[in-house]
Every structure is written in structure tokens, then in C-alpha cells.
Amino acid sequence: MKRIIRKVAVLGSGVMGSRIACHFAGIGVPVLLLDIAPQELSESEKKKGLGLDHPAVKNRLVNDALAAAIKSNPSPVYTKEVVHRITTGNFTDNMKDIASCDWVIEVVVERLDIKQRIFADVEKFRKPGTLITSNTSGIPIHLMTEGRSDDFKKHFCGTHFFNPPRYLRLLEIIPTPFTDPTVVDFLIEYGDLFLGKTTVLCKDTPAFIANRIGVFSMAAIFKLVEKLGLSIDEIEALTGPVFGRPKSATFRTADVVGIDTLVKVAQGVHDNCVNDEARDTFRIPDWVAKLVENKWLGDKTGQGFFKKIKSKDGSSEIQVLNLSSLEYEPRKKPKFASIEAAKSIDDLRQRIKVLANGQDKAGEFYRMFHYGLFSYISHRIPEISDEVFRIDDAMKAGFGWEIGAFETWDALGLEKTVQAMKNAGYAVAPWVDDMITRGNTSFYKVEHGRLLCYSPDKGAYVPTVAAGRENAFVVMKNFSGQTVWKNSAAQVYHLGDDVLGLEWNTKMGTIGGEVLEGIQKAIALAEEKYKGVVIANDSQNFSAGANVGMIFMLAAEQEYDELNMAVRAFQNTMMRARYSSIPVVVAPHALTLGGACELSLHSDKVLPAAESYIGLVELGVGLIPGGGGTKEFVLRASDELHEGEPDTNTLKNRFLTIATAKVSTSAFEAFDLGILRKGHDEVIINQDRRIAAAKRSVIEIFDHGYATPVQRSDIRVAGRSALGALYAGINGMWRAHYATDHDVVVAKKLAYVMCGGDLSEPSLVSEQYLLDLEREAFLSLCGERKTLERIQSVLKGGKPVRN
């Protein structure tokens, strides 16, 4: 039976329920969000003379929860407009309305008796065949089906979203023995394709996969704190980005999640996993128990491992808990020789090798942590998962690890690490020894562009993507064996089907001369014998834009001829992408700023991940977009003119987008900013699918008969009349102290270019005319001392100074 999700019911409007509802609304699905009706009137309701039966009172809890979710930061929705897809109600009056829903998701309090009561009511109203799932993070899934009908059991399983649901990509699917396998298959596919999730099939074991391994990792670190005498600041330095983990590292993550929540999960594993060989690791240290006793639970109570205090001068300061005295003190920046040696290494796998081989306390920490982690994950197969890759997928998508635990083991060397573990007294599961005996040297390997993973059950390598879904996922680095061309920064791969793929591996994806060379070369190669080019990567971000370090160096040394050549080369490369004889499709994700945004503006099609943050941010460092971005905004404003006359509102809006360095908070918002083209560019909800989608798009465009576009010479610019209006607005911002003197200088340069210069009347100009104006303005701003100060501030890791 073909199953279509036309409407979803979410039962429970707390932090998770309201945000799950928002995420469904964000992908276009109508949602019915229900919660309990209050038992008491609020003071304001009493003053208004309302009774408990009044609709506003009955829906107060659900409406307040949804309103709080919408106002929260980061936003749970891609754009505010999607909220109209959510209808609210209460269990008393509106449970009957779930009959119109295709999927009912329970997200009420973590008590089995309450969940079972809810499911009894659901059974009264749901239509046969409706999916029913629970978002529980700890209650055994099979216990919830007691007393339910066969049809209910057949369509029931666990769907564990991670908070916040929009941003954390993990969705754990936990079937019961009664769950129809087709239901499981559907949820795995739907979560991936429509919700943008990494869907991981789990067994019904305590804490499932991600929390089982994630909380073990944190508990193991707590033990190492005591064993090695490490402070919180030292652990944060050791377990943050340098280690391939989020900035929140360990103790900050605990504060965000809630220390009581962490303790609850750890205690649950300890109590329910009596055969876990590392069970004692889940015993919470006394100093953590003391925090729970003091109700120092993290962000929810205002203090935990960290506390924000107000200084006498009114400024805020984050203090850290001293684990010996349990008193807060100023933070200290620790230094480790191992980290100093490793932090300049961009490749995470190589960096982890250096860290684990360090001969200081940091190196000792990394070895002990990894040995314990590797031992633990090896013994969890097949208890929590039959497949190795599911554990890595869960940790990357749920806890933000850049590479999974088994991938890390590969990076350190499987056989070498196993021997070191045994020498240090750490055991590995028998299947790992068996794997090595069979002559296998890694958990993962790549064949013909497909990632394979060792299966302990089969004693052989199996695909990490289910049969029939192989073409939905393309990972650039998996095609390294099909490299067509490369330099020290960029690589061009043959992705198959006569499509080339270009990626680069610079820090933060910055675009310099070698990347521009890569773009030019990829296009030239494709024009010779391929259908087209996909430009994308699998890094944390697509690109933070042009290499401002190079710009600063040339400007500071007053090498203006070289700077002019560099800007011209950037512009020429963008125009090459636009006017090549083959389709160029860009598939960005995460940060897509400055020059990367300009590349997107000049491509034949953009297929961004939903979580793409795109914008022309050059004004922030005292420059204007100089790689064709300003020109392209003028061109698009011209195309949006009404009745052939300049539309100053359109021009003004595009001017403000650049002048305020606006960055979209999602790919969907980039349409509203005029960066993406409605009806042309296409958002891919699951970022893992965007490169494959871009490849298909290249083939489709080529096969439909791609014709080289013709450079434009019919761009209508407004000239002096619009320039005066923009100047007046800029001066008004300055008088109101919203803009500095230097802001005014930069904004006026931008206005001059966007109006086509000081022309006496509206005129038609060419793209090259605008590019020349753009480049001249860019170069003149590079000579401004305050621009150089702003760039220098950014290069030092800070925000641009407002000068």
C-alpha cells in the first residue's frame, strides 16, 4: 500500500512536542498539536471572568507552548510563515480530530501509565492503518503496546527525535516485535527524504543507540577527570572542535541538556543493563550528584558547571565550577603541547592521530578515552545494533560528532590500536579479533564510489545504504579513486554518468586562487567531454567566502595591481560559471557566505540543503561584494521592474540586503532575500541527498538541450534619482547613530554601484559595465584604513569592529 502523510497529530506540546510540530509544518505538512486542558484558571483569566470551559482557557497550555517555541532562538521553523499550518487543541475536545491524521506522534511526559492512558484514547479515534509512534527517550517501546489492538501494535513503534528537532538530524526508529516491517521501512525512508533526518534503526534497549554511547562517553570523561586530575576548562579544551566535537564540548553540553537529564539516562542504563561490562562507568560521581541535590542543573536553573554573573561594571562573565571546592571561579585558558601541535592540521583524522600520540597529559587523556570508547562500542554489537555504521551515524547526527567512533578507530589504525588497547588492559569484543584474523584492516572501505562497512554478522563488507537507495546519496570523497584533476586545494572527480564534481578542502572552505583555478579547470574539462559540473563538498560548511587574509595582505602592502588582478580573476571565474557551455549546479550547505554566495548567484541552478545560511556579508568588513554579487543583485532588480520603469522599492530592498549583510537563517529564507530564485532553485531537506540531486539536475539540464546563455547588456539602472534617495537614507541612518562614519563611506560606494553610477537618467548597461564599477569600488575601499582594521579583527577570530 502506498502511504502518504497528509496530516500529522502531535500529542503533547512541551519543548519537544511543539518543536516537532514546527518541523513538520516547516516541510509543508499540516499539524494538529494537542495538550491537556488546564485544571485551574490563571489570574488574567479570572480577571476576564472566563471559566474552565472557555476555549481560550482549554487551549491555553498548548497555545502558550507553541508561542514560546516560535519565539525561541534558534528558530524551530525555516520561515515564520509556516506556523499557520499548525492547528492547536486539547485532549478533551479535539482527540476525535486525530481521525483525519495519517500519523500520530505521542510526546507527553515520560511516564508509562500516562502514555498508556493517552494510547487508549488514541485507539478510540484513530482510523485503521494510521501510524502511531512515541518520542520516548527511555521507556521500553514494547511496554506501551500492552492492551492495544493488533492493528495498533502493527502500526506502532518508537520515533526518537533529538532536541532541537530542526537542527539535530538524528531520528531513531525503534520497532517492537509486533511492528509491521513495511511500517519500519516507510518511517526510515520518510524521515530521510522528507524530514531531512539520518534515520537509524535501533533495538529496543535502554537509551537506544545515541544516548547509550553518548552518555557513556560523558560518564567516561567524568571518570578521567578524577583519574587524571583535570579541570572543567581543561576538559572543554580537550573535547571540543579540536577533537571533532561541537563547541559545547562536554560540560557545556551537560548544562544545555540538563544535568538532571544526563543523570537520569546514566542511572537508567546502570539499573537496567546488569550485563553491561562497563556498568560501573554509569555510576555518577559524588560531585555530579551534589549538583543535582543543589538544583544546579545547568541552563534551566541558571547555573550548573558554568554560571553567568554580573560584574560591578555591569558586564557579564561566565565562571566555571571548581570540582574540588564546588565554588565558581574565573575561567582559565589551558595549554597542552599536543593541542598546540595539532590545531594547525585541518584534516580531522590526521589531527586525531597527533592528539592520541601526544606525550603530555592531553595525549594520555585521548588514549585512555579512545581505548575505553572503542572497547565499549565493540561490545555493543549486536546488543544495540547489528551494524557498525548505525552507531557512527547515530553519534554524528545526534551528538554532532564530525566522525563516528568506528571511523576514529580506523583513523588511528585498527590493528595497531587493538594491540595498544590490550597492552593497556582494555578488551575488545571477539568479533573484532575475528575480523582482523580474516585479514581486514579497517571497519570501512570505499569501492566504486560506494561506502562499505564491515558486518560482524556476515563476516564481510556490506553497503551502508540500503539496496535501491544507492543513487540518492553521493559523497565526493568516495570518488577520490576517480580523480580527474587536482591541486593542493581543490579536486575534480568523475561522479559517473559523465558528470564532474568539484570540491575544495581549504580552512572554512575559503576561496582563493587555487580554488578559482579548480572552478575554471572543472568547467574546461566538462566542456571537453562531460555533461556538466556539480560544485559541493562534505565538510562542516560549504564556504565562508573569499580568502580575506589574502585581501588584507595585498591591501596592507598596497599591492593594488595584484589586488586588482585577484578581484578581476574572481569576477571572471564567476562569469565563467554563468556563461560556460555546460550546466554548473551548486549544492551548498551550512555557511555559504560572500564569494560562495556569489558563486551560487552565478550558477545555472542552486540546490541548497535546508540548513544553509547564505548571504553577501562583505559590508561587515568594510567592503562591497566584489565577485559579481553586487552586479547580480542589480541585474535581478532590473528583471523585477514593473512596466519598464525603475522600481525603487525593489532596488532599495536589495541594497538593504547587502548593506546590512543579511544572512538567511535557512535556505527557504534565501528566496525572500532574493538570493535563490523561486520556481528555479530547489531546497533539499536532507543535506546528504543534495549532491546526488545536483548530479541528476546536471544530467536533466544537459539532456534537455543546454544552450550557452548570452551576456546581458539590457540591465536597467536608475542613475542619479535613485542614488539621491539611497544617499538620503544612508545619511538618516548616520544621524540616528545606526551607522558609523565608515559605514556611510561603504554604503555610499555600494549605492553608487547599484544605481549604475551618477547617470543623469535611467539607462541600460551591460554586466561588464557593472563589474567594472563594482571592482573599482571594492579596490577603493581596500585602501581605507578602517576597512583594514575590520578585516584584521576578523582574521584574529573576532567580530568586525564598528569603526
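Predicted model: local features only at pLDDT ≥ 70, side-chain atom pairs only at ≥ 80, totals over all residues.
## Overall build

The protein chain contains 32 helices and 24 strands. Its C-alpha trace spans about 80 × 75 × 65 Å along the principal axes.

Of the 803 residues, 55% count as buried. Among contacts in the protein chain with a separation of 6 or more, 69% are between residues 24 or more positions apart.

## Surface and charge

The side chains include 97 positive and 100 negative ones. The centres of these two sets lie 3 Å apart.

Helix α16 covers residues 361-379. Its 19 residues, at 1.5 Å a residue, should span 27 Å; the end C-alpha atoms of α16 are 27 Å apart, which agrees. Because 15 of the 19 residues are buried, α16 is largely enclosed by the rest of the structure.

P382 is located in the loop between α16 and α17, the latter being residues 388-399. The peptide bond that joins I381 and P382 is cis, with omega about 10°.

## S217 in helix α9

S217 belongs to helix α9, which covers residues 210-228. Is S217 buried or exposed? Its relative accessibility is 4%, and the cut-off for buried is under 20%, so S217 counts as buried.

Beyond its neighbours within four places in sequence, S217 is in contact with F369, L373 and W401.

Which residues of α4 are buried? They are R60, V62, A65, L66, A69 and I70. The cover over these buried residues includes the helices α1 (15-26), α2 (43-47) and α3 (55-58), together with the strands β2 (31-35) and β3.

The loop between α4 (60-71) and β3 (86-90) holds P74. The peptide bond from N73 to P74 is cis, and its omega is near 5°.

## N541 and A590

N541 sits in the loop between β18 (532-535) and α22 (548-556). With a relative accessible area of 17%, N541 is buried. Leaving out residues up to four places away in sequence, N541 touches M508, H589, A590 and L591. N541 and F243 are 298 residues apart along the chain, and their C-alpha atoms are separated by 17 Å.

A590, one of the residues that N541 touches, is in strand β20, which covers residues 590-593. A590 counts as buried at 10% relative accessibility. Although A590 is not a glycine, it has a positive phi of about 50°.

## D497 and the backbone

Most residues other than glycine have a negative phi, and most peptide bonds are trans. D497 is not a glycine, yet its phi is positive, at about 55°.

Where is D497 placed? It is in the loop between β16 (490-494) and β17 (499-504). D497 has 53% relative accessibility and therefore counts as exposed, whereas A590 counts as buried.

## Helix α30

Helix α30 is made of residues 741-754. At 1.5 Å a residue, these 14 residues should span 20 Å, and the end C-alpha atoms are 20 Å apart, which agrees. The buried residues of α30 are H742, D743, V744, V746, A747, L750, A751, V753 and M754.

After α30 comes G756, whose phi is positive and near 80°.

Definitions and conventions
Residues numbered from 1 in each chain as written. Heavy atoms only, no water. Helix = DSSP H or I, 4+ residues; strand = E, 2+ residues; numbered from the N terminus. Buried < 20%, exposed > 50% of the residue type's maximum accessible area, 1.4 Å probe, protein only. Contact = heavy atoms within 4.5 Å. Lys, Arg positive; Asp, Glu negative; His and termini not counted. Charge placed at Lys NZ, Arg CZ, Asp CG, Glu CD. Expected span 1.5 Å × (residues − 1).
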